[in-house]
Number of protein chains: 4
Amino acid sequence: MGKGLKIAVIGGGSSYTPEIVEGFIKRYEHLPVRELWLVDIEAGRHKLAIVGELAKRMVAESGLPIEVHLTLDRRAAIEGADFVSTQMRVGLLEARKWDEHIPNAHGVIGQETTGPGGMMKALRTIPVLLDICRDIEELAPQAWLLNFTNPAGMVTEAISRYSSVKSIGLCNAPIGLHKWLGTKYDVPSSKIYTEFVGLNHLHWVTRIEVEGVNRLPELLDKREEYSGKNVPATEWDHEFLQSLGALPSYYLKYFYMPDAMLEEQLEALGKSGTRAEVVKKVEDELFQLYSDPNLREKPKQLEQRGGAYYSEAAVNLMESLYNDKRDIQTLNVANGRTLDFLPADACIEVNCVVTADGPLALPVTRVPEQAKGLIQAVKTYERLAIEAAVTGDRALALQAMVAHPLVPSVRVAKVLLDEMLEKNKAYLPQFFA
Amino acid sequence: MGKGLKIAVIGGGSSYTPEIVEGFIKRYEHLPVRELWLVDIEAGRHKLAIVGELAKRMVAESGLPIEVHLTLDRRAAIEGADFVSTQMRVGLLEARKWDEHIPNAHGVIGQETTGPGGMMKALRTIPVLLDICRDIEELAPQAWLLNFTNPAGMVTEAISRYSSVKSIGLCNAPIGLHKWLGTKYDVPSSKIYTEFVGLNHLHWVTRIEVEGVNRLPELLDKREEYSGKNVPATEWDHEFLQSLGALPSYYLKYFYMPDAMLEEQLEALGKSGTRAEVVKKVEDELFQLYSDPNLREKPKQLEQRGGAYYSEAAVNLMESLYNDKRDIQTLNVANGRTLDFLPADACIEVNCVVTADGPLALPVTRVPEQAKGLIQAVKTYERLAIEAAVTGDRALALQAMVAHPLVPSVRVAKVLLDEMLEKNKAYLPQFFA
Amino acid sequence: MGKGLKIAVIGGGSSYTPEIVEGFIKRYEHLPVRELWLVDIEAGRHKLAIVGELAKRMVAESGLPIEVHLTLDRRAAIEGADFVSTQMRVGLLEARKWDEHIPNAHGVIGQETTGPGGMMKALRTIPVLLDICRDIEELAPQAWLLNFTNPAGMVTEAISRYSSVKSIGLCNAPIGLHKWLGTKYDVPSSKIYTEFVGLNHLHWVTRIEVEGVNRLPELLDKREEYSGKNVPATEWDHEFLQSLGALPSYYLKYFYMPDAMLEEQLEALGKSGTRAEVVKKVEDELFQLYSDPNLREKPKQLEQRGGAYYSEAAVNLMESLYNDKRDIQTLNVANGRTLDFLPADACIEVNCVVTADGPLALPVTRVPEQAKGLIQAVKTYERLAIEAAVTGDRALALQAMVAHPLVPSVRVAKVLLDEMLEKNKAYLPQFFA
Amino acid sequence: MGKGLKIAVIGGGSSYTPEIVEGFIKRYEHLPVRELWLVDIEAGRHKLAIVGELAKRMVAESGLPIEVHLTLDRRAAIEGADFVSTQMRVGLLEARKWDEHIPNAHGVIGQETTGPGGMMKALRTIPVLLDICRDIEELAPQAWLLNFTNPAGMVTEAISRYSSVKSIGLCNAPIGLHKWLGTKYDVPSSKIYTEFVGLNHLHWVTRIEVEGVNRLPELLDKREEYSGKNVPATEWDHEFLQSLGALPSYYLKYFYMPDAMLEEQLEALGKSGTRAEVVKKVEDELFQLYSDPNLREKPKQLEQRGGAYYSEAAVNLMESLYNDKRDIQTLNVANGRTLDFLPADACIEVNCVVTADGPLALPVTRVPEQAKGLIQAVKTYERLAIEAAVTGDRALALQAMVAHPLVPSVRVAKVLLDEMLEKNKAYLPQFFA
């Protein structure tokens, strides 16, 4: 990596790109990027041009010797890269709209990363990611693939099981919680220790120590809560939260209070459309801003987008891998022997020490009994869905759908599966050969 | 055991007693019972007298030197016993009625052994069983406790975790399936090999070989099914069953098709009352029959009762333990290292070789991926509920209720828990100290 | 298997063959052999002819419709076979002589199945067995391979790791112990229950129950002992044996008292030569007997040969596999999850229930702490030696030799390895490519 | 810990004390020690006075507000301590002399921490340490016990299995290797990453990365070696080392080349007496120096003593625990799920992230196959010896001695055990009750 790093960002036309560019500029001293390749598909050509030009203006403003390349040629971008990151959406927001709409129409949670919607996203996305991995295996076998593409846990597990690419899954929720705690207690992130148990979008925070003081009981008691922008802020039941003894991911609301969440979804649907439709509007506005040739920095409005801290997470991780920093980050990696009830190759979200050779998962000091059932149930769904995504086997897809805790019965599973596969036909060649 | 065996049957006034008496008579040659103690509580005095006299008449008719003792003194019955079996119902059918009624009233499955109803039964029963175990530890530490009391898996796990008594849980479903297969294929049971994976009332039959021929595909294809009397015979979805690749326990209908099962329950409720109320009627009729001083054998009508083969299962097990028979029986025992995703002390339903020293669990050759999630989810509920039963900790009880896959949300769990604990107050001193 | 079974015996010219022929005759009712193929290599043509004719006379005498085929065409023998058994000796007794001689010359135990000698035997044998497996994979993929070829545990592990053949390793020591106990206590074998923990030729018998009575303390106290013909009957230290709390395999004398055993070997060497040389004489005498055209049965003298009960073990196993007998036999199979300190694919010697689908290893109820170290040490050697046998990697061979507990130092290991590889050059093409 | 820390050093009269005092002075800013209690037994009163006064002079010279207390009252020293460290020698150097002499007399390695000598040290030391733990449990239950007392792995395991004290075992070998590598490659320790696999004094270094470059092949090739002062610098066999693929602890020479090491010991014995006798002389000289009232700093000669870096290791660890530093240190802690072939409560030497809540063991990325046998063999010995130390059970002690890979046979084990127990009688009340 002598002369500086080559980074390839797949889905480089995304509205998130200015974040990651800002990250590279800020951390240049520790992470000397030489070439930044933003790559997208034909359908994203226009967005790539807009956001790519902004990226170039941002770099120019910084005065740093980073070359920004815009391309539709994925292989050129990947060749010899040190890091590849992915932030793409197969089927675009249109597909997400149906992921949310169709379950809702059958009285089921409609959500981008979990439930029947998340499953469809996995079926669409996994084959594309594995295809990218084939390129990396050939053109940049030493590269680290940092995967942000949701459902990040499933995609990362698929990659580690079906390719030889060194891959790590990333989510902004852990870093978001740290930021929130840092503000709340007015301490730097380094003074906060948290322990995560579970899967991507399905974790329990079992330890929260701020400057060595255990703050978990207080946090469970006060019901203040950290939540992402993309999940409604329905309040947790106080008695339940206290007896749970761990801070649940805000995504767990879909599992613990599906009745209230569904109600909220149906109401929102009536008012402003699905979350996909809301996001679509935000994105349009962002690209409007990006087009301004005088804009030379990441606009503040990007933080409304829901994916805050994603790029910070990514740049942190690259920096630690590059510098053998050995700090602790919460990542999505293979379970190994961490959780004794999951297979070694199951992807989990867990604290890791990041060495130059990759992340080493730290042992978890406490696994709440009550988390095990849900973790295993969702992991079972995930493994079946991953295999269905790879094989295009409809019987497996049915088993996956049935296994999902948010799908109430075999009857509903069959209806959803038929309708959703059909609607996603264009993105699921493996099922319609 | 030189001079013949002493057997204590706790809940000896049960309508099932003639079955077990018949079993002892038939197997006398291999299982020489010297003393049979039928013990019940004060509330069961009348039923004990009736069924006890029938037992005496049955033994007299056989001409065998078996002494039948009827008593309300549990300690006398247990003292020096070789085998203790339990078949009791804390709270009687009245409590079962509410186990079924209350969940139904909130749109949830109401069932004796699973769901919120099964949980209440566990909370009522476990402390009583542990109390019996205290007596066995003191008065018959070498005795085997054969536990039929439902929820048999949870009760057996509670005993093995909270007492030193050697205990085995028994269910009639495995033997029932063998009988059904034997009739269907016209072969003796010894020619049939089945493999069970899962928990009590939550198993998948993953191998069915009849005279060495794999009959599982055919059985999954034809949709003929084996079902217990106490579970409605709603038909499995054919496509689902085939993709499942294993024959599910009929209890799994509550998990895979709760919508149809609930509908059936609500309909039945309107017509004939809960299952508890139906059973009450059958029992009344049975005791009517038992009272006939001319009756000297088990009446045919007992087979309608739902617990067919229970006594055959019990006598088989005693015989194998007594004779170091080393045959294979499907039992509820500690997991050990059988299922790699469950703790060693979790009770599972599994094929065992029965030696004089107790059952040795056979390794399972295939665990369907899709079974893991449900097994772990239910086991999580079970472990939390067992601990709640022992401690009377309401917070744990809430977590258990929330963890149950048939309980749709925290909100519903709280409502059910409050209402059901209150209704069971008389039988739950640990929660109302 | 409708019309009777086809059996292929590789190394059919062995002096043991009359044993297995007798076994097939005696068990014909339960194990209907139609074709028995005795196959050997060119160097064994003469012995095959002699013992093969005896086999034909024995079958003729029995009047059973078993066809005996003698051939040097291994593929013809294997094609369509139901069972293949192997009883061969790569390098013949000449190679065994050096396995014993060379270590002795350096003050190390010289033994056929363990120590440096056993390692050489493994290096010679494993490639030949894997070659046979290639034929079975192609010509009889459903066949069971019953492997008697020593070191049986290592060979079986090599097969299960490097081929898809269904293979089981067999040793006569467990059945020999049962025979000895049966005679001692005057009971049939079915009344005896023993539990074996460990590896082939490295086991501890941790339970011995005769008619339900624990006889282990008495057996450890009296110092009576069961020993094979091929291991000197040096007496165990009484205090040690009692504190061990389990009956050690007589092969364990090499590990627990190498000083006395080595002394015994050096003494025997002076008097009658190595064990190989003794065996050579016995074999010559046996073939003299076999040549007698009037001999129509297995001669008594064969029992002196050291491999008593081998054929009984084999026929027992075939019978149980064929009839789904589900009895308990002590076999060499993959560990699975039986011993928690060994990998799943490590071959162990363990009680199994033999079903039509193969053996299922029973859990062990007690593993003596003191056995673990030796088991792991020897298994480590075995795994390294297996890999060396397959790859011909001399560095691995050195690590294997060093890892063996009977090899005292790296210095001695190097000397032994150099000398022994050279002497075995003709049989180790993988090391001399 | 608001007003500064209280530290208790058991065996405070040791010649090592000036090292740790120097450490506290240097790190005062990060580890604010308020009270340093040096405690010793009556027999060490004189040495405590000498070294204690030196400690006071060193602190005075520094000008820091650290109080130094000298006492024979262990309970006063422990009460309310934040950290307790132990550096004692039950039986003094006299006992060590016999640990070395007696085995040598029987042709066996005589060594302070391994072999029969190490076992005797464990039998003497463990009961004393457990007695100290009783005091800590009562008087300072939140304290961390840092255990340097050899055999450090066994003592730490005994504490974690038989007390509730939070304890960590420490050795100077890992830090010594880092120092050696730092000098060799001229880089700070933070640029070096090593991975240790194994037990205390029985580890393999499987990764050595200096500034991100893998230096292991080069280090194995050049045969340069890092060795402690207390182990003879006999050279590794080059071919062996390369095929091993990991850098072995210098203590492993006793296992891999016992012949050469024994020869070296016998030769040294003839010349300068046992290592114990050499150390005795060094110590006498050190105390001579310490007595000088003008000495106000740690004398250079202490580094010859063999325990270099011990105090640096201790102060590093205290600092990381106190400040939740989360750096990586190589420590002796419970295995948990790190090595899959050892029990969870077995003490291993492994890289840990040190948090305020204690060390978290990092997963190991590679376990050399050849290390497993030796690790398990020695751990087996250790577990038996620990149990013997606690119970005084002579049968267990015999099994422990037999299980040790350096003890050649049961016969020798018995002779050694008898002779050594007798010689240690004064320090082994548990065996002579």
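Let me start with where chain C meets chain B. In this predicted model, 16 residues of chain C are in contact with 16 residues of chain B. Two elements of chain C, strand 12 (347-355) and strand 13 (358-361), each supply at least two residues of the side that touches chain B. Sorted by class, that side of chain C has eight nonpolar, three polar and five charged residues.

Strands 12 and 13 can also be looked at in chain A. There, strand 12 (residues 347-355) and strand 13 (residues 358-361) pair in the antiparallel sense, over four bridges. With two residues between them, strand 12 and strand 13 of chain A form a hairpin. If you want one pair to find on the screen, take V353(A), whose bridge partner in strand 13 of chain A is L360(A).

Now the contact between chain A and chain B. Here 31 residues of chain A are in contact with 31 residues of chain B. On the chain A side, at least two residues each come from helix 9 (238-244), helix 11 (258-272), helix 14 (369-391), helix 15 (394-403) and helix 16 (410-423). Which helix of chain A gives the largest share of that side? Helix 14 of chain A does, with 11 residues. The residues of this side of chain A divide into 17 nonpolar, seven polar and seven charged.

Next, a site within chain A. An unreviewed UniProt entry places the feature "binding site" at C171(A) and H201(A).

Take C171(A) by itself. C171(A) is found in the loop between strand 6 (166-169) and helix 7 (173-185) of chain A. Is C171(A) buried or exposed? It has 29 other C-beta atoms within 10 Å, and a residue is buried if that count is 20 or more, so C171(A) is buried. Leaving aside neighbours within four places in sequence, C171(A) is in contact with A152(A), N200(A), N332(A) and E349(A).

H201(A) sits in a loop too, the one between strand 7 (192-199) and strand 8 (202-210) of chain A. H201(A) counts as buried because it has 27 C-beta neighbours inside 10 Å. Not counting residues up to four places away in sequence, H201(A) touches T113(A), T114(A), S249(A) and Y251(A).

Over to chain B, for a strand with two faces. In a regular strand the side chains alternate between the two faces of the sheet. In strand 3 (residues 67-71) of chain B, the covered face holds V68(B) and L70(B), while E67(B), H69(B) and T71(B) are on the uncovered one. Strand 3 of chain B pairs with strand 2 (residues 33-39) of chain B in the parallel sense, over five bridges. In that pairing, V68(B) of strand 3 is the bridge partner of L36(B).

Last, two helices in chain C. The axes of helix 4 (residues 92-105) and helix 12 (residues 275-290) of chain C come within 8 Å and cross at roughly 155°. An angle over 145 degrees counts as roughly antiparallel, so that is how helix 4 of chain C lies to helix 12 of chain C. Helix 4 of chain C makes the contact with L93(C), R96(C), K97(C) and E100(C); helix 12 of chain C makes it with R275(C), A276(C), E277(C), V279(C) and K280(C). By class, the residues of this contact are three nonpolar, no polar and six charged.

Methods: Residues are numbered from 1 along each chain as its sequence is written. Chains are lettered from A and ligands numbered from 1 in the order in which they are written. This is a predicted model: local features need pLDDT of at least 70, side-chain atom pairs count only at pLDDT 80 or more; totals for chains, interfaces and linings use all residues. Two residues are in contact if their C-beta atoms, placed from the backbone, lie within 7 Å. Ala, Val, Leu, Ile, Met, Phe, Trp, Tyr, Cys and Pro count as nonpolar, Asp, Glu, Lys and Arg as charged, and the others, Gly among them, as polar. Two strands pair if DSSP finds at least two bridges between them. UniProt positions are given in the numbering used here, feature names are shortened, and annotations may be inferred rather than shown by experiment. A residue is buried if 20 or more other C-beta atoms lie within 10 Å of its own, exposed if 12 or fewer, and partly exposed in between; C-beta atoms are placed from the backbone. Axes are lines fitted to C-alpha atoms, for helices over the stretch in contact, and angles run from 0 to 180 degrees between N-to-C directions. Angles under 35 degrees count as roughly parallel, over 145 as roughly antiparallel, 65 to 115 as roughly perpendicular and the rest as oblique.
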